[in-house]
Amino acid sequence: MKAARPPGLSTASAANRDYVRSLGADEVIDYNTQDFTQVARNCDAVFDTVGADVAQRSFAVLKPGGRAAFIASGAQAPKPDRDDVTSLRPPVGRARRHIERIAELYAAGAIRPPAVKLYRLSEAADAHRLSESRHFRGKLVFQVR
């Protein structure tokens with residue numbers, strides 16, 4: 001018998017609700033109208049991709065023994081304001097075996113690639129502006145040739 005997966009909770013704008021659900025979120029909190037710390041409770045884990053105050057507030061939604069992983073808070077994980085949770089800054093491996101594992105997961109249908117927006121190098125300023133806005137889906141990629 002397969003173990004039940006705990007529900008996945010995510011934050012997104014209302015415009016991205018369906019997109020985030022398509023990625024696997026069971027429940028989506030609209031960060032423009034709701035404070036996630038007032039909605040989410042007793043989470044096993046948090047994966048923060050925003051950083052700054054969102055990273056620090058993420059500790060509040062963890063249950064004792066919970067873990068939070070941060071990829072947008074610099075080289076070191078933020079220090080939790082409580083001692084019953086773990087704060088992690090996972091290393092980003094660039095070894096061939098990591099890429100091969102991602103390819104295996106994709107082939108098995110376990111993960112879906114994000115949308116990709118291609119830019120010519122002459123459009124670098126436009127891509128940078130979009131990246132700084134932090135309001136886009138997927139990945140920005142420069143087409144070199």
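I take contact to mean heavy atoms within 4.5 Å. The model I have open is predicted.

**Entry 1, Phe 59.** I looked up the contacts of Phe 59, leaving out residues up to four places away in sequence.

Next I checked the largest nonpolar core and found 13 residues in it. Phe 59 is among those with the most contacts inside this core, along with Val 61, Leu 62, Ala 68 and Phe 70. I then asked which strands supply it: strand 3 and strand 4 each give at least two residues. Strand 4 has the largest share, three residues. For background, I noted that nonpolar side chains tend to be buried together in soluble globular proteins.

I traced an open sheet of three strands, ordered 3-4-5, with parallel pairing. Strand 3 (43-48) and strand 5 (86-88) are the edges; each has a single partner strand, so one side of each lacks a neighbour in the sheet. On average, neighbouring strands here are turned by 15 degrees against each other, direction ignored. I counted five bridges between strand 3 and strand 4 (residues 62-70), in the parallel sense. Cys 43 stands opposite Leu 62 in strand 4.

Last, I went to helix 4 (residues 96-107), where Arg 101 lies. Is Arg 101 buried, partly exposed or exposed? Its relative accessible area is 45%, so I logged Arg 101 as partly exposed.

Technical notes. Residues numbered from 1 in each chain as written. Predicted model: local features only at pLDDT ≥ 70, side-chain atom pairs only at ≥ 80, totals over all residues. Heavy atoms only, no water. Pairing = 2+ DSSP bridges. Helix = DSSP H or I, 4+ residues; strand = E, 2+ residues; numbered from the N terminus. Axes fitted to C-alpha atoms, helices over the stretch in contact; angles between N-to-C directions. Buried < 20%, exposed > 50% of the residue type's maximum accessible area, 1.4 Å probe, protein only. Core = buried A, V, L, I, M, F, W, Y, C linked by side-chain atoms within 4.5 Å.
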